[in-house]
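Walk me through this fold, please. Begin with the overall surface and end with the local details.

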Amino acid sequence: KKYFFHEDYSDFENVVLSPEEELVLLKNYVDEVGGGLDMFDPKRTFVQVIPFLMKSCATLRYAVLALSSRHLETTTTNYPENLTWKLYKSALKHLVQCKIVNNSVIAACVILCVFELSSSRPTHWKNHLEGCVNLLRDHNINGMSQNTLKRAIFWTYIRMEICYSVIHETCTLLPSQNWLPPGTPLKNAKKLFEEEGMHANYAVYLNSLVANLIYGDKEGEEFKEEWLEIWLNLKEWFVNSPSLFRCIHEYRDAKTQFPRIFFSNSQAISSNQMYHMACILLLQNKPRSIKLSTLQQLSSIDSKNISESPTNEINDPSKYIGASSKSDSTHSTNSSPAVSMNSVHSTSVAWHAKRIIGISITNSDYGAYSNSIQSLYVAGKIMTSKSEHGILLGALKKVERFTGWSTTYRCRDLIEYWNGD
C-alpha cells in the first residue's frame with residue numbers, strides 16, 4: 001500500500017484454475033509474453049527464473065497468470081469471460097497483504113505495471129510507474145545492479161518509462177543519473193554499457209538522455225553542448241553495434257515506398273527503432289546555432305576512416321560548437337564491418353521515420369511490437385501522404401492484434417494530428 005493505491009481485496013476469493021488452464025497460461029507466458037519482458041536480457045530472466053520464483057510467491061504467480069491471460073484474451077476468440085480480471089484481482093489481493101517486499105514481489109509489481117499499461121490509456125499510467133520508481137529507489141535497484149533479477153526488473157520497467165516520457169513530453173520519472181550505480185558520473189556511463197549484453201540497454205539509456213534534455217530546463221550553450229554530445233553518442237552507438245544488431249536483409253519496397261529491414265532478433269529490432277526515434281527527437285529540437293551543413297559533415301563519416309581517428313575526438317562536443325565544415329571519425333571496437341555514416345546517421349527526420357516504420361512492417365516479434373508503439377507514433381507525425389498514413393495505422397493496429405497492447409488511442413491521436421485538430 002505504500003507504493004500503490006488499491007482498494008482492499010482481502011475478501012476476494014482467489015481464482016482456482018484447472019491444471020490444464022494453468023498450463024495454457026504458463027506456456028503462453030514462456031513462449032510469448034515472458035520473451036517480450038526479456039527482450040533486452042540475454043539471460044532471459046523473466047522466462048527462466050520468474051516461473052520458479054512463482055512457486056513461493058503467490059503475488060508473482062497471479063501477476064504472471066494475469067498478464068498471460070490478458071494477452072490471450074485480446075488475441076484469441078471465445079476466451080473465458082472475466083478470467084483475466086479475476087487473476088489480476090487475485091494478484092492485487094496478495095500484493096496488499098505482503099508483509100515483506102523482496103525481489104519476487106518487486107518483479108510482480110513490474111509485471112502488474114506492464115498489465116496496466118497494456119490495458120489503459122497513457123493518462124492513467126503515472127500512478128503505476130511512480131509506484132515502481134519508488135520501489136526501485138527504496139531497494140537500490142539500478143541498471144547496473146549486480147543481482148541478475150534486480151537488473152532484469154530495472155530494464156523491463158524502464159522501457160515503459162521512456163514510452164511514458166515521450167508520450168507526455170516530460171522528463172523521465174527516474175532521472176538518468178539514477179539508472180547508474182550511486183555516485184557514478186554521467187560522463188562514465190558509456191564505459192559501463194560496454195559490458196557484454198548491454199548494448200541494447202544503452203540505446204534505452206540514450207533515449208533517457210534525449211528526453212531529459214529536450215523536456216528539461218537547460219538553455220543556451222549548456223543545451224547545445226549536451227545536444228551535440230548525445231548526437232555523437234548516438235552515432236557511436238550505431239558504428240559500434242555488434243553484427244547481432246545489424247539487419248540481415250534490406251531492400252526498398254517499390255509498392256509502399258518504405259524500406260524493408262529484416263533483423264534476426266528482438267534486441268536488434270527494438271533498439272534500432274529506439275535509435276531512430278532518439279535521432280528524430282534530437283533533430284526536432286536542434287539548436288538554431290548549429291548549422292545543418294556542419295551537422296551533416298559531423299554526421300557523415302567515411303567508413304575507411306572509422307578506425308583511424310582517436311576516440312576522444314568524437315567525444316569532444318565542444319570541438320564542433322560553431323565549427324566550420326569539418327569531418328571526423330570514431331573508433332570501432334568490434335569486429336562487425338564498418339558502415340558509411342552517410343547511410344545511417346542521417347540528419348533527415350523523414351529518413352529516420354521511414355526506417356522505424358520499415359522495421360515494424362517487416363519484422364514480427366511480440367517484444368519488439370509492444371515496445372514500438374511510441375516510436376511509430378513519433379514517426380507517424382512526420383509522414384505526410386495518405387498512403388503513408390494508411391501503412392502507419394496498419395502497423396499500429398497489427399501491434400494491438402498481435403500483442404494485445406492497446407494502440408487505438410495512438411491511432412486516434414495521429415489522425416487528429418494529421419487533420420490539424
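The protein chain exposes about 18700 Å². Carbon and sulfur atoms supply 49% of that area. Accessible areas here come from the Shrake-Rupley method with a 1.4 Å probe, and for residues only the protein chains shown count as cover. The model is predicted: local features need pLDDT of at least 70, side-chain atom pairs count only at pLDDT 80 or more, and totals for chains, interfaces and linings use all residues. Residues are numbered from 1 along each chain as its sequence is written, and side-chain values use heavy atoms, with hydrogens and water left out.

Of the 421 residues, 55% count as buried. Buried means under 20% relative accessible area, exposed means over 50%, and partly exposed lies in between (1.4 Å probe, protein chains only). The chain holds 19 helices and two strands. These are DSSP runs numbered from the N terminus: helices are H or I with at least four residues, strands are E with at least two. Contact means heavy atoms within 4.5 Å. Among contacts between residues at least 6 apart in sequence, 74% join residues at least 24 apart.

Go inside. S68 sits in helix 4 (residues 58-75). Its relative accessible area is 0%, so S68 is buried. Leaving aside neighbours within four places in sequence, S68 is in contact with L25, N28, Y29 and V33.

A salt bridge is a side-chain nitrogen of Lys or Arg within 4 Å of a carboxyl oxygen of Asp or Glu. In the R61 and E22 pair, the closest N and O atoms are 2.9 Å apart. R61 is partly exposed at 21% relative accessibility, while E22 is buried at 17%.

The whole structure has eleven salt bridges. Another of them joins E195 and R151, with closest N and O atoms 2.9 Å apart. This pair links distant parts of the chain, 44 residues apart: E195 is in the loop between helix 9 and helix 10 (199-214), and R151 is in helix 8. E195 is partly exposed at 38%; R151 is buried at 14%. D253 pairs with R260, and here the closest N and O atoms are 3.3 Å apart.

In helix 19 (residues 408-418), Y409, R410, C411, D413, L414 and W418 are buried. The buried residues of helix 19 pack against helix 8 (148-168), helix 17 (373-380) and helix 18 (386-403). Just after helix 19, G420 takes a positive phi of about 80 degrees.

R44 has a positive value, near 50 degrees. R44 is found in the loop between helix 1 (19-37) and helix 2 (45-48). K43 is in that loop too. K43 is exposed at 56% relative accessibility. The C-alpha atoms of K43 and T148 are separated by 8.4 Å, though the two residues are 105 apart along the chain. E169 is another non-glycine with positive phi, about 50 degrees. E169 lies in the loop between helix 8 and helix 9 (189-192).

E222 belongs to helix 11 (residues 220-239) and is partly exposed at 47%.
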